[in-house]
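Here is a short report on one protein model. It starts with a helix, then turns to a hairpin and the overall fold.

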Amino acid sequence: MDLVKETDLRRRMVEEQIRRRGIRDERVLSAMEEVPRHLFIPKAVRHLAYADEPLPIGEGQTISQPYIVAEMTAALRLSGTEKVLEIGTGSGYQTVILARLCRELVTIERIASLSEAARKLLATMEVGGVTFVVGDGSLGSPGHAPFDRILSAAASPSVPAPWISQLSEGGIIVLPVGGRYEQELTRVTRAGSRTETEVLGGCRFVPLVGMYGFQS
Ligand code: SAM
C-alpha cells in the first residue's frame with residue numbers, strides 16, 4: 001500500500017466511519033488517523049484494512065471494526081495519566097491506540113502466537129510502555145493491579161469479579177456483556193464499594209474464554 005494512498009484511506013476512515021457517527025474525542029480520532037492499521041491485517045485481506053468491518057487475524061479471531069475500536073476507546077475517557085489493562089491483545093492494533101493515550105498498558109491474550117506476533121510488531125514500530133501477558137485475562141492481572149481503566153475486546157456473560165476488585169476508585173471498565181453471539185457494550189464505573197453500569201449499545205464480539213467468561 002503506498003503512503004499517500006494509505007494516509008488518505010485512514011483520513012476517510014476517521015471522517016466517514018467514526019467522526020460522522022458521533023465520536024468527538026480528538027485524541028482518539030488523531031490516534032486512529034495516525035496508526036497504520038494495515039500493518040495489523042493479514043496480507044490476504046489487507047486491501048480491506050480501512051473498510052467498515054471486522055477482519056480475520058488467524059486462530060479464529062478478529063480485529064474489531066474501526067468504529068468499535070474508537071467507540072470503546074472513547075468510552076474509557078482517557079486523559080493520558082491512566083494505567084490500563086487490555087483483555088484480548090489480538091492483532092495489537094487497539095493496543096497501539098491505547099498505548100498512545102495512556103501512561104502504562106498491560107495487555108493479555110490467551111493465544112500465545114497472537115501475543116507474540118503483536119509484541120514483535122509493536123517492537124518494530126517502537127511502541128513503548130506496554131507489558132504483554134499470555135494467559136486467561138478473565139482473571140485480570142493481579143500482579144499489575146490496580147488499574148484505572150480496563151477494556152475487554154472479548155465478550156463475557158457478566159463482568160468478571162476480579163476486574164472489579166482490580167479497578168481503582170473512580171475507575172472504568174468497558175466490555176461487551178451478553179450471550180455468545182450478541183452483546184451490549186457496557187461501561188462500569190467504580191464509586192467506592194458501588195458500581196454504576198451504563199449500556200452504550202448493541203455489539204458482536206468473540207467470546208472471552210476463561211474462568212470468569214465462557215468455558216470454551
Ligand atoms: N482488539 C484486538 C485487535 O485490535 O486486534 C482484537 C481482539 S479480538 C476481537 C478478541 C481477542 O480476545 C482474541 O484475540 C481472543 O483470543 C482474546 N481472548 C478471548 N478470551 C480471552 C481471555 N480469557 N484472555 C485473554 N484473551 C482472550
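Helix α3 (residues 66-75) is mostly covered, with 10 of its 10 residues buried. Buried means under 20% relative accessible area, exposed over 50%, and partly exposed in between, with a 1.4 Å probe and protein chains only. Among the buried residues of α3 are Tyr67, Ile68, Glu71 and Met72. Arg77 follows α3 and has a positive phi, near 50°.

This is a predicted model: local features need pLDDT of at least 70, side-chain atom pairs count only at pLDDT 80 or more, and totals for chains, interfaces and linings use all residues. Residues are numbered from 1 along each chain as its sequence is written, and side-chain values use heavy atoms, without hydrogens and water.

Helices (H or I, at least four residues) and strands (E, at least two) are DSSP runs, numbered from the N terminus. The protein has 6 helices and 9 strands. Strands β1 and β2 pair in the antiparallel sense over 3 bridges; pairing requires at least two DSSP bridges. Leu55 stands opposite Ile63 in β2. The two strands form a hairpin with 2 residues between them, and Glu59 in the turn has a positive phi of about 60°.

| Strand | Residues |
|---|---|
| β1 | residues 55-58 |
| β2 | residues 61-63 |

The C-alpha atoms fill a box of roughly 50 × 35 × 35 Å along the principal axes. Buried residues make up 50% of the 216 residues. Of the contacts with a separation of 6 or more, 54% join residues 24 or more positions apart; contact means heavy atoms within 4.5 Å.
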